[in-house]
Amino acid sequence: MLAKVGVSGGGRCNLTNSFEEITDLKQAYPRGDKLLKRLFKSFDHKDAYRWFEEHGVKLTTQADQCVFPVSQDSQTVIDCLTHTASKLGVEVKTHYALEAVEPLSDGRLEARFKAHGSETSTE
């Protein structure tokens, strides 16, 4: 589970960047700068840093401005995410393909998955 997290940053999990030396997102993300600007208005790199620290993952910013867990081990991040999901009652299913994500009238999201030729829904 979370295999992509496990291999990111060479197995150390580069969580974010300090963005201290970036004056324009287009420099770092030429094909995604507009989307990132919109996303950062709701949850930016400082929020990510704070969230992980508040959930027990101590972080360090390296000379190249990349932010990693102090442990230098992506398993620290995987454990944090799975523990938090479990605490929140998230049901983890594997071997399902995401079909669609749609907003519900109450503000929640509905994710539809397809598994082995069938369709299921999770809110």
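Reader: Is Cys13 buried or exposed?
Author: In this predicted model, local features need pLDDT of at least 70, side-chain atom pairs count only at pLDDT 80 or more, and totals for chains, interfaces and linings use all residues. Residues are numbered from 1 along each chain as its sequence is written, and side-chain values use heavy atoms, with hydrogens and water left out. The classes are buried (under 20% relative accessible area), exposed (over 50%) and partly exposed (in between), with a 1.4 Å probe and protein chains only. Because its relative accessible area is 4%, Cys13 is buried.

Reader: Where does Cys13 lie?
Author: Helices (H or I, at least four residues) and strands (E, at least two) are DSSP runs, numbered from the N terminus. Cys13 is not a glycine, although its phi is positive, at about 70°. Its place is the loop between helix H1 (3–11) and strand S1 (16–17).

Reader: Which helix supplies the largest share of the positive patch?
Author: Lys and Arg count as positive and Asp and Glu as negative, with His and the chain ends not counted. Patches consist of residues with over 30% relative accessible area and no salt bridge, joining like charges within 9 Å and nonpolar side chains (Val, Leu, Ile, Met, Phe, Trp, Tyr) within 5 Å; a salt bridge is a side-chain nitrogen of Lys or Arg within 4 Å of a carboxyl oxygen of Asp or Glu. Lys26, Lys34, Lys37, Arg38 and Lys41 form the positive surface patch. The largest share, 4 residues, comes from helix H3 (residues 33–42).

Reader: Why does Lys34 count as exposed?
Author: Lys34 is located in helix H3. Lys34 counts as exposed because its relative accessibility is 57%.

Reader: What is the relative accessibility of Leu88?
Author: Met1, Leu2, Leu88, Val90 and Val92 form a nonpolar surface patch with about 500 Å² of accessible area together (Shrake-Rupley method, 1.4 Å probe; for residues, only the protein chains shown count as cover). Leu88 lies in the loop between helix H5 (74–87) and strand S4 (97–103). Leu88 counts as exposed, its relative accessibility being 68%.

Reader: Which pattern does the protein chain follow along the sequence?
Author: The protein chain has 5 helices and 6 strands. Of its 123 residues, 24% are buried. Read along the sequence, the pattern is α-β-α-α-α-β-β-α-β-β-β.

Definitions and conventions: Charge placed at Lys NZ, Arg CZ, Asp CG, Glu CD.
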